[in-house]
Amino acid sequence: MRVAASLLLAAALATACQRQAPAGASPSPEVTPAAAPTASAANPAATVYMCPMDKDIRKLEPGKCPRCGMALVTSVPDPVEYHVDVDTSAPPVPGRVTHLTFHVADPWKGNPVTRFSLVHERLYHAFVVSSDLEFFTHGHPQWSGNAFGYDLTFPKPGMYRILSDFYPEASAPQLSTSTIFVGPEPAIRRVALGRDYSAKQDQNLGASLVTIPEEPIVGMPTRLRMTVEPTEGFEKYLGVWGHMLVASDDLIDMMHTHPTIADGGAEIEFNVVFPRARGYRVWVQFQRKGVVNTMRFDVPVHPLPDTPVGAITAASHRAHGRG
């Protein structure tokens, strides 16, 4: 069965998504980034390599982005938004395994996309968040020959939002949001989020948070500085020192990003531009001794001084440039 929200809900929950590339005909996904020579302004004969996600990262030799771990490419196509449809074999039931199928289509003719490049050591990432912001998971759907499949147990009835992160071959990395209802369609209520910067502890790692500025302002860069401990056994998770998912209290804004400053030490810093003045829940994931630790913080975002909240409009910000 095809899972879709009503037209009114879809309009209310619309988020700025992503970009794309031509579909291939191969029965299995290929793992090859796009490449086309680009000249440097300083040296027209040189080939410039850039990160497809963090486009400010540029080098004169191939390699990986020091920020997000992506393979550097010689050009990134203009962003276009690919389409993702999420199917379930049966209506989702709380407490039971639901098989989700992710179909990716190109934006021009709606043809199935079958060729993908790796994004942080996986072909597909799915972040799932419940409308009450209590449930969070970061999973990796598997390629089945024409789509990606993923088994998930929804813990309770309600609305769930899924942020898909993938990279069609010869295109730009994508973020795409989908909505699934589990059980009777619920009334959608806003979750009231206060400020929660208190230190958190998961399985074998703890983290604390400070923000710079102390009170984040809509549309302005905010540095989210994490301090983790212990650092003995601290290691990269999926090619980077940490993953962060940022979600607004109404789940309209969903952003996936990675540290801008990290070297395996205790301090890790993420940069975020919050698109609206409201509460945001931030989940961070760090790995220590093979164990993935997940912690969450709540960050209230304030309007610009002397600017009414209702006057603020902004497009969603994509993690490492995507939103």
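This report walks through the confidence, sheets and cores of a predicted model.

Because this is a predicted model, local features need pLDDT of at least 70 and side-chain atom pairs count only at pLDDT 80 or more, while totals for chains, interfaces and linings use all residues. Residues are numbered from 1 along each chain as its sequence is written, and side-chain values use heavy atoms, with hydrogens and water left out.

**Confidence**

Let's begin with pLDDT, the predictor's confidence in each residue, from 0 to 100. The protein has a mean pLDDT of 82, and 79% of its residues reach 70 or more. Over residues 1-41, however, the pLDDT is below 50. Residues 311-323 also stay under 50. Where pLDDT is low, the predicted coordinates should not be read in detail.

**Two open sheets**

Strands here are DSSP runs (E, at least two residues), numbered from the N terminus. Two strands pair if DSSP finds at least two bridges between them. Strands of a sheet pair through backbone hydrogen bonds, either parallel or antiparallel.

| Strand pair | Bridges | Residues standing opposite |
|---|---|---|
| S3 and S4 (97-105) | 6 bridges | Asp85 and His103 |
| S5 (124-130) and S6 | 4 bridges | Phe127 and His138 |

**A residue in a loop**

Glu169 lies in the loop between S9 (158-166) and S10 (174-182). Is Glu169 buried or exposed? Glu169 is buried, with a relative accessible area of 13%; buried means under 20% relative accessible area (1.4 Å probe, protein chains only). The side chain of Glu169 also makes a polar contact of 2.7 Å with that of Arg115. A polar contact is a pair of N or O atoms within 3.5 Å; within protein, one must be able to donate a hydrogen and the other to accept it, and residues adjacent in sequence count only if both atoms are side-chain atoms.

**Nonpolar cores**

A nonpolar core is a set of buried Ala, Val, Leu, Ile, Met, Phe, Trp, Tyr and Cys residues joined through side-chain atoms within 4.5 Å. The largest one holds 26 residues, of which Met226, Met244, Val284 and Phe286 touch the most other members. Strands supplying at least two residues each include S13 (221-229) and S18 (279-288). S18 gives the most, with 4 residues. A second, separate core has 23 residues, among them Tyr82 and Trp143.

Conventions: Buried means under 20% relative accessible area, exposed over 50%, partly exposed in between (1.4 Å probe, protein chains only). Contact means heavy atoms within 4.5 Å.
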